[in-house]
Amino acid sequence: MERQIREHKIEQNGIELIKNWAARNNVPFEDVHDDYSTGIDILIDGKPYDLKATDSSWLTFVRKYKDWYCPLENHPEVPYLILQGGKGYVLEKQDLLKYCTQQSIRSGIQLGVYVLDGNVNITFNADGFIRDPDYDFTL
């Protein structure tokens, strides 16, 4: 539970970083992460994002929270905004799911297990998708 509190704090710090960037750069910003029905955490200039503030390139492929589910299939129209070190990388969930599915069929996907947030997460390395940042929230 302590780790889950830490994870929520990391995300909240990320939201604050983006909010401050938006204010400095006169970009419309909205924090909507408390409405779980949409899969949207934030809106930047009207564009919706599912925010993942992390220091890792590992993302959850499937998770057990009450039942097993795939976050990539949950609101697939809302792209991830991966926040690492002040940089933001937009990743389409459909592309990630297609990659994971294709690689798992070939047994070529590197998987991990993460349980420190109180859930069971089967994770995959999305490093190959994280290239040039779409946003620099340090400016």
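Colleague: Lys93, buried or exposed?
Modeller: Buried. In this predicted model, Lys93 has a relative accessible area of 1%.

Colleague: Which side chain does Lys93 meet in a salt bridge?
Modeller: Asp50. The N to O distance is 3.0 Å.

Colleague: What about Lys52?
Modeller: Lys52 forms a salt bridge with Asp50, with the closest N and O atoms 3.6 Å apart. Lys52 is partly exposed, at 27% relative accessibility.

Colleague: New topic. How many salt bridges are in the whole structure?
Modeller: A search finds 3. One of them pairs Lys87 with Asp136, closest N and O atoms 3.0 Å apart.

Colleague: Which elements does that pair tie together?
Modeller: Strand E7, residues 87–91, holds Lys87, and strand E10, residues 135–136, holds Asp136. The parts are 49 residues apart in sequence.

Colleague: How accessible is Lys87, and how accessible is Asp136?
Modeller: Lys87 is at 28% relative accessibility, so it counts as partly exposed. Asp136 is at 21% and also counts as partly exposed.

Colleague: Back to networks. Which residues do shared partners join?
Modeller: Asp50, Lys52 and Lys93 form one network. Asp50 bridges to Lys52 and to Lys93.

Technical notes: Residues are numbered from 1 along each chain as its sequence is written. This is a predicted model: local features need pLDDT of at least 70, side-chain atom pairs count only at pLDDT 80 or more; totals for chains, interfaces and linings use all residues. Side-chain values use heavy atoms; hydrogens and water are left out. A salt bridge is a side-chain nitrogen of Lys or Arg within 4 Å of a carboxyl oxygen of Asp or Glu. Buried means under 20% relative accessible area, exposed over 50%, partly exposed in between (1.4 Å probe, protein chains only). Helices (H or I, at least four residues) and strands (E, at least two) are DSSP runs, numbered from the N terminus.
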